[in-house]
Amino acid sequence: QVQLVESGGGLVQPGRSLRLSCAASGSIFSINAMGWFRQAPGKQRELVAVISSGGSTNYADSVKGRFTISRDNAKNMVYLQMNSLKPEDTAVYYCNADLKRRSWSPSHAYWGQGTQVTVSS
């Protein structure tokens, strides 16, 4: 079994910051890319940021310069530092990891259960 558990969401005023964390646990051989997605009410899930096992990053245009993704490979964790939050950042944020459970098995994408981020005054 593999579990991804997010934490750090909540209610925050515009302009403030939040830091999301995601821990991957269970039977894991290796993790390739890890990322954060979000889904606002009535909208499709969208990519926020992704980081490779080597540390290369990619961001959605809407969050560039405000959000920073990082990871701790030793702990199988990924983080999302969100600064200068805007009301349009309100969404459920999901952690995603592309990982292998065995050395010989193909990689699969796993998802966390999501954490709510609400930006409102």
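Start with the four-stranded open sheet: select β1, β3, β8 and β7, which sit in that order with antiparallel pairing. Strands here are DSSP runs of E, at least two residues long, numbered from the N terminus, and two strands pair if DSSP finds at least two bridges between them. At the edges you'll find β1 and β7, each with a single partner strand, so one side of each is left without a neighbour in the sheet. On average, neighbouring strands of this sheet are turned by 15 degrees against each other, direction ignored; the axes behind that angle are lines fitted to C-alpha atoms, for helices over the stretch in contact, and angles run from 0 to 180 degrees between N-to-C directions.

Before going on, keep in mind that this is a predicted model, where local features need pLDDT of at least 70 and side-chain atom pairs count only at pLDDT 80 or more, while totals for chains, interfaces and linings use all residues. Numbering starts from 1 along each chain as its sequence is written, and side-chain values use heavy atoms, with hydrogens and water left out.

Now walk across the sheet. Select residues 2-7, which are β1: this strand runs antiparallel to β3 and is joined to it by 6 bridges. To see them face each other, pick S7 and look opposite, where S21 of β3 stands.

Next, residues 77-82 give you β8, antiparallel to β3 and joined to it by 6 bridges. Click A23 and then M77, its bridge partner in β8.

One more step takes you to β7, which pairs with β8 in the antiparallel sense over 6 bridges. Here R71 has V78 of β8 as its bridge partner.

Go back to β3 and show C22 together with C95. These two form a disulfide, with their sulfur atoms 2.1 Å apart; the term covers a pair of cysteine sulfur atoms within 2.5 Å. C22 lies in β3 (residues 18-26) and C95 in β9 (residues 91-100), so the pair ties together parts that are 73 residues apart in sequence. Which hand does the disulfide of C22 and C95 have? The torsion about its S-S bond is about -80 degrees, so it is left-handed. The structure holds 1 disulfide.

C22 is buried, at a relative accessible area of 0%, and C95 is buried with a value of 0%. Buried means under 20% relative accessible area, exposed over 50% and partly exposed in between, using a 1.4 Å probe and protein chains only.

Next stop: R66, in the loop between β6 (57-59) and β7 (67-72). Is R66 buried or exposed? R66 is buried, with a relative accessible area of 10%. Show D89 as well: a polar contact of 2.8 Å joins the two side chains, R66 to D89. (A polar contact is a pair of N or O atoms within 3.5 Å; within protein, one must be able to donate a hydrogen and the other to accept it, and residues adjacent in sequence count only if both atoms are side-chain atoms.) Leaving aside neighbours within four places in sequence, R66 is in contact (heavy atoms within 4.5 Å) with residues including Q81, M82, N83 and D89.

Finally, zoom out to the whole chain. It has 0 helices and 11 strands, where a helix would be a DSSP run of H or I, at least four residues long. Of its 121 residues, 37% count as buried. The C-alpha trace spans about 50 × 25 × 25 Å along its principal axes.
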